[in-house]
Amino acid sequence: MTVAMTPSRPATPFARSLADAASGAGDEAIAAYYAESDWQPLFTAPDAAPRRVALMRALDGAGAHGLPVARYDTDGLRARLGTVRTEGDRARAEVAMARAYLAYASDVGSGALNPARVDPQIVRAVPHRDRLELLRAFARAEPAAFLRALPPQVPEYAQMMKAKLDLEQAIARGGWGAAVPEGALRRGDRGPAVVALRDRLIAEGYLARTATAVFDDAMLRAVQDFQIDMGLEPDGVAGAGTIAQINARPEARLHAVVAGLERLRWMNGVTLGRRHIWVNLPDFTARIYDDGRLTFETVAVIGMDQADRRTPEFSDEMEYMVVNPSWHVPRSITVKEYLPMMQRNPNAASHLELVDSRGRVVPRGAVNFAAYTPRSFPYAMRQPPSDGNALGLVKFMFPNKWNIYLHDTPSKSLFLKEVRAFSHGCIRLQQPFDFAYQLLAKQSDDPESLFQRVLASGQEQSITLKEPVPVHLVYYTAWPTPRGRMEYRNDIYGRDAEIFRELTEAGLVLASASD
């Protein structure tokens, strides 16, 4: 932060009080702003009423964004403004308004929480705006318009705000009705369980109001639409998984939406890229977007829910793909999984080569595995290119310190499961070849032939992407659909529950059935 000019000495009683209040606030930006502004008020001058009104309205509306409203103490601000009697009172009210403004502007524009403190595996370079510049810009701008422009301007944010309001209204009405009894329901069924299912589908907006007690075609289509939005197999049968989701309380959905709003704020100002890859971990999918349009999608397998295997969240750039890759076994897997196996049986995991520090293959018989600990084991392990290679036949590289990448896999059966958290952290793709063709289509008239020619060589080769492609590994358990509804996914790693917990501790207040 830089100060544009050398401040003058405060000359009036108000200016002296303001200087004392600003320095006592413990906020460098506030002190610097008023000093460079010659101690002129931003909020409490007679002509500053539009700015005061705009700010108080924004603070009153902070709850609609899922922000911790207790942080802004709007009642305390109003009380302070209403009891100004001296220039000292006015100066202290001025600084209190500035602090509330900066807290709100930062929270609504960049998020109320530090993502790395929520979970170290949420690695977001949050684009915070300079606090001094926020004060300068607010002084120059039309207040209401400036405040409206602070939150993310992407349509998904507005859709999530609407979803939050709808869910709070549902909660205020007492929820979505009685739970559907356990047990599979399908087309042609009738009875009280079907009526309960009908009522929940109507309440949740999937079925037009009807008095039918029969699981008819309209209900079948409604169940399928619901299943699609929940990431379930759209077979139209209300089995255990579907009923568990349809019985979810609106409070649980609201928590997911609030976490999603915070996550969008963390990415406010991040340029996704005209072409980018979007991997939503709880959705188990990888997508390619071109100019905002979905051009490719494949299901994916992500890291299993264990402390050292969960896939982190971050953004990077994909630079190249490796065809016929070798698998260089991560050190943690080598010493935690394979070393104990080889200590029991030197020929265990025989599909892997033992490699020394110079890259030379070492015969198993030349090594006394029992002599080493995980810390002292001097060898690496590598799996040569093959159809059975753990990485399959292609991997997609965006070099990062976590050694996370997208890749093929010989374990195809895992893609048939609804919950696909099985890897050591990397992301496996069901359709890696088609994914490669789509990426190469920007630089080749015949991307399939280009890829297959390299593949047929059987040799490990890299294909550089002429234009690196931004990759965003994200985690949204609530996300708006193009049809205007909300998709919900399970909080597979518990990260959104932690976001909601920390927002609540910071002062988040949500509607309840008793409101």
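Modeller: Let's start with strands: two strands pair if DSSP finds at least two bridges between them, and strands (E, at least two residues) and helices (H or I, at least four residues) are DSSP runs, numbered from the N terminus. This is a predicted model, in which local features need pLDDT of at least 70, side-chain atom pairs count only at pLDDT 80 or more, and totals for chains, interfaces and linings use all residues. Residues are numbered from 1 along each chain as its sequence is written, and side-chain values use heavy atoms, with hydrogens and water left out.

Colleague: Thanks! Which residue in β11 is the bridge partner of Val-301?

Modeller: That is Arg-428. Strand β3 (residues 293-303) pairs with β11 (residues 427-429) in the antiparallel sense over two bridges. With strand β10 (residues 421-423), β3 pairs in the parallel sense, over two bridges, and there Ile-302 has Ala-421 as its bridge partner.

Colleague: And how many bridges join β2 and β3?

Modeller: Six, in the antiparallel sense, with β2 covering residues 285-290. Asp-290 stands opposite Arg-293. Two residues lie between the strands of this hairpin, and Asp-291 takes a positive phi near 50 degrees.

Colleague: Which residues of α3 are buried?

Modeller: Buried means under 20% relative accessible area, exposed over 50%, and partly exposed in between (1.4 Å probe, protein chains only). In α3, the buried residues are Arg-51, Ala-54, Leu-55, Met-56, Ala-58 and Leu-59. The buried residues of α3 pack against α4 (74-82), α5, α7 (131-140) and α8 (143-148).

Colleague: Is Gln-227 buried or exposed?

Modeller: Gln-227 is buried, because its relative accessible area is 0%. This residue is found in helix α11 (residues 217-229). Contact means heavy atoms within 4.5 Å; beyond its neighbours within four places in sequence, Gln-227 is in contact with residues including Leu-232, Pro-234 and Thr-242.

Colleague: How many residues make up the largest nonpolar core?

Modeller: A nonpolar core is a set of buried Ala, Val, Leu, Ile, Met, Phe, Trp, Tyr and Cys residues joined through side-chain atoms within 4.5 Å. The largest has 98 residues, and Tyr-34, Phe-43 and Val-257 are among those touching the most other members. Helix α5 (residues 87-110) gives the largest share, eleven residues. A second, separate core has 59 residues, including Val-394 and Ile-463.
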